[in-house]
Amino acid sequence: MMRDDPIRRMPMALSALVALALAVIPLPAALDVFRPDLLVLVVFYWSIESPRAGGLTLAFMSGLALDVINGVVLGQHALALTLMAAWATHLRLRLRVFSLLSQSLTIFALLTGYQFILFWIDGATGNPVTSFARWFAPVVGAIIWPLLAGALGRLNER
Amino acid sequence: MVAFRNSDPSGRTSGLLLRCVLYSLLALGLIIVDKRYQNLADIRRWLSIVAYPAQLAVESPFAGWHWFRESVSTRDALREDNARLRAELRLAQFHLQRYEALESETVRLRALRGNTSEVATRFVIGDIMDVDLDAFRERVLVDKGAHDGIFVGQPVLDAGGVFGQVARVEELTSEVILISDPAHAIPVQINRNGLRTIAVGTGDTSRLKLPYLPTSADVVVGDLLVTSGLGGGFPAGYPVGTVAAVKRDPAQSLADVDVRPAAALDRSRELMLAWLRPSEALPASPSAATPAANPASARAAAAAPRKAGVTPPAAKSVKPPAAKPPGARTP
């Protein structure tokens with residue numbers, strides 16, 4: 001609803017900032033490859049929950065932040081995140097009535113698409129990462145999606 | 001569904017497609033411009049200043065924890081540390097006595113040959129920030145940047161040997177690519193016989209490989225590899241690693257050689273960023289410019305008393321460049 005908009009942007013920005021901090025927090029090398037793309041999940045949540053509050057702008061900005069922090073070619077994460085957030089927004093009405101399992105599976109597809117775009121741009125810009133480990137993150141992301149959606153839903157209700 | 005309020009049931013997302021296409025084109029444009037032309041560096045540097053607080057916020061609890069652990073360490077631990085450090089210092093000073101004689105000899109020999117010696121002349125200490133970059137690339141973030149005169153390609157050492165080189169410089173931080181990154185190669189030389197080759201990273205911090213040595217090459221397990229100084233990127237003579245395994249398959253024309261890096265690639269917290277020539281040290285921070293004024297003549301002068309028969313304790317006060325880092329720390 002229009003009157004809710006200013007209130008809704010606060011948890012949106014807050015959760016994105018926390019997810020961004022968690023994206024660079026140091027982990028042991030063995031766990032690092034399993035680190036889920038938390039910021040991506042947060043962007044997906046807000047694209048589904050309140051598409052009119054500027055989910056795509058959030059997606060583009062978050063992607064740019066990830067580009068700068070990861071030190072990759074500028075626009076890589078921004079492109080992947082924008083496309084996948086648009087897809088999530090497109091699917092939102094179906095996603096809201098899905099069971100948790102179906103939601104997680106859909107999120108897995110979205111995360112895999114996101115990784116694939118990153119993979120493709122990595123290759124196109126001349127520093128391919130062919131390690132199989134990069135496909136672990138979507139699996140972990142899909143597994144923690146119910147928890148994250150629940151937590152963000154609680155945050156949003158307050 | 002529990003998670004969603006269904007507060008926006010209208011389903012109208014006016015112009016979703018339009019906005020999606022606009023943002024995607026913008027991102028694609030950024031990728032192409034960033035890749036083809038190098039003029040996005042300023043934008044990137046500016047953005048990185050915005051990102052710096054986030055990185056600092058993530059790093060500060062870890063830095064605080066390190067500080068806390070250091071300040072509550074017990075007297076016994078400190079005494080133990082002290083005794084160990086004294087023993088190490090004695091050993092280092094013992095080695096130093098020979099080093100100075102060799103150093104002066106090298107300077108004289110190089111002067112005879114009219115050779116310009118590429119010895120690192122100035123160091124700045126950088127701390128690795130507790131921030132994880134891409135999990136699939138061997139990079140670390142260091143808390144020194146363009147502000148401190150750091151430049152792309154600058155050699156980076158740690159206490160054990162060559163660590164890597166600077167890959168990207170931001171205003172306050174810089175990204176160091178480790179010698180173990182698969183995209184990194186470093187010209188090396190076997191210390192025993194002077195055989196030159198190239199050490200390539202493997203993506204594993206405990207292993208490098210020498211892919212360009214023929215099966216007949218004279219390399220054995222335990223050989224020390226030092227930088228050869230060819231290519232001009234790294235100062236010559238710094239340890240890179242030791243040969244850990246040599247596999248010779250008669251059917252292949254190239255040997256399969258594994259190298260264990262000399263630097264503690266996965267454990268170091270403090271790195272030394274080195275300047276090769278005095279001319280590069282000058283435009284950096286003004287306070288540290290003096291020690292690098294004329295290293296060759298200063299060192300020759302310092303070594304002179306030793307030749308005249310002064311006892312080693314008197315010569316201890318003269319520090320070679322490698323022992324300089326604490327003094328060269330920038331403010």
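Author: A salt bridge here is a side-chain nitrogen of Lys or Arg within 4 Å of a carboxyl oxygen of Asp or Glu. By that rule B:Arg139, B:Arg168, B:Glu170, B:Glu175 and B:Asp181 are linked in a network of salt bridges. The model is a predicted one, in which local features need pLDDT of at least 70 and side-chain atom pairs count only at pLDDT 80 or more, while totals for chains, interfaces and linings use all residues. Residues are numbered from 1 along each chain as its sequence is written, chains are lettered from A in the order in which they are written, and side-chain values use heavy atoms, with hydrogens and water left out.

Reader: What makes B:Arg139 and B:Asp181 a salt bridge?

Author: The closest N and O atoms of B:Arg139 and B:Asp181 are 3.5 Å apart, and the cut-off is 4 Å, so the pair qualifies. B:Arg139 is in strand β2 (residues 139-142) of chain B and B:Asp181 in the loop between β5 (174-178) and β6 (185-190), so that the pair links parts 42 residues apart, where a strand is a DSSP run of E with at least two residues and a helix a run of H or I with at least four, both numbered from the N terminus.

Reader: Why is B:Asp181 called buried, and why is B:Arg139 called partly exposed?

Author: Buried means under 20% relative accessible area, exposed over 50%, and partly exposed in between, with a 1.4 Å probe and protein chains only. B:Asp181, at 3%, therefore counts as buried, whereas B:Arg139, at 23%, is partly exposed.

Reader: How do you know that B:Asp258 and B:Arg207 meet in a salt bridge?

Author: Their N to O distance is 3.1 Å, which is set against the limit of 4 Å, and the pair therefore counts. B:Asp258, with 14% relative accessibility, is buried, while B:Arg207, with 32%, is partly exposed.

Reader: Why is the aromatic pair of A:Phe34 and A:Phe136 called stacked?

Author: Rings of Phe, Tyr and Trp (its six-membered ring) pair if their centres lie within 6.5 Å, and planes under 30 degrees apart count as stacked, over 60 as edge-to-face and the rest as tilted. The count by this rule comes to 8 aromatic pairs over all chains. For A:Phe34 and A:Phe136 the centres are 5.1 Å apart and the planes 10 degrees apart, which gives a stacked pair. A:Phe34 lies in the loop between α2 (29-32) and α3 (38-49) of chain A and A:Phe136 in helix α8 (residues 136-157), so the pair ties together parts 102 residues apart in sequence.
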